[in-house]
Amino acid sequence: MSIERTLSIIKPDATRRNLTGAVCSYLEKAGLRIIAQKRTLLTRAQAEDFYDVHSERPFYNDLCIFMSSAPIVVQTLEGDNAIAKNREIMGATNPKNADIGTIRHDFAESIEANSVHGSDSLENAKREINFFFSEIEIVG
Ligand code: ADP
Ligand code: MG
């Protein structure tokens, strides 16, 4: 048992299609607790800062345009092995490769507009949670 926290984002393609609640129910059914949540609209510069690790990748510019194209819902999730568990529930980056029943299989539009983000390591989870939330906004 290792209780972890991870950052989740419900991306613009999902908020546009009014899927916020549907995504939350996948997370909660899997036992993850949403201990902080807010809806926001990133500026292009904020999206570039958040995805800084991908700045050399060919999809970086389009990704930052997409992530600032409509509101997102950012969440801190808590639970046993939350980082890996959330990645499991999300499914593969490319929805064509995602397992049936995962969020990306069931909702994603494309490899870019793939409905959700989830931290991929303890270190990145800390950075990403701090990027969006202050201590008093997280209530475990
Ligand atoms: P994940 O979100 O599964 O951790 P990555 O960290 O590799 O995936 O990529 C970050 C995001 O960039 C993806 O969720 C997706 O929105 C976008 N992306 C990744 N690979 C591609 C690609 N080949 N073409 C377009 N967009 C991509
Ligand atoms: Mg990633």
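Tutor: Gladly; let's start with residue classes: Ala, Val, Leu, Ile, Met, Phe, Trp, Tyr, Cys and Pro count as nonpolar, Asp, Glu, Lys and Arg as charged, and the others, Gly among them, as polar. By that scheme the lining of the second largest pocket has 4 nonpolar, 1 polar and 3 charged residues. Keep in mind that this is a predicted model, where local features need pLDDT of at least 70, side-chain atom pairs need pLDDT 80 or more, and totals for linings use all residues. Residues are numbered from 1 along each chain as its sequence is written.

Student: What makes a residue part of the lining of the second largest pocket?

Tutor: A pocket is found on a 1 Å grid over the protein atoms alone, as an open set of points where a 1.4 Å probe fits, with protein on both sides within 12 Å along at least five of seven lines; lining residues have an atom within 4 Å of a point. Arg5, Leu122, Ala125, Lys126, Ile129, Asn130, Glu135 and Ile138 line the second largest pocket, so they meet that 4 Å limit. The helix α7 gives the most, with 5 residues, and the space amounts to about 190 Å³.

Student: How much space lies in the largest pocket, and which residues are closest to its centre?

Tutor: Its space is about 520 Å³. Of its 24 lining residues, Tyr51, His54, Phe59, Thr93 and His117 are the closest to the centre. By class, this lining has 8 nonpolar, 7 polar and 9 charged residues.

Student: Why is ligand 1 said to sit in the largest pocket?

Tutor: Sitting in a pocket requires more than half of a molecule's atoms to lie within 2 Å of the grid points. Ligand 1 sits in the largest pocket, so it passes that test.

Student: What makes the pairing of His54 with ligand 1 a polar contact?

Tutor: A polar contact is a pair of N or O atoms within 3.5 Å. A polar side-chain atom of His54 lies 3.0 Å from an oxygen atom of ligand 1, so the pair qualifies. Taken alone, ligand 1 exposes 540 Å², and the protein buries 79% of that, by the Shrake-Rupley method with a 1.4 Å probe.

Note on methods. Chains are lettered from A and ligands numbered from 1 in the order in which they are written. Side-chain values use heavy atoms; hydrogens and water are left out. A polar contact is a pair of N or O atoms within 3.5 Å; within protein, one must be able to donate a hydrogen and the other to accept it, and residues adjacent in sequence count only if both atoms are side-chain atoms. Grid points are joined across faces, edges and corners, and a volume is the space filled by probe spheres set on the points. Helices (H or I, at least four residues) and strands (E, at least two) are DSSP runs, numbered from the N terminus.
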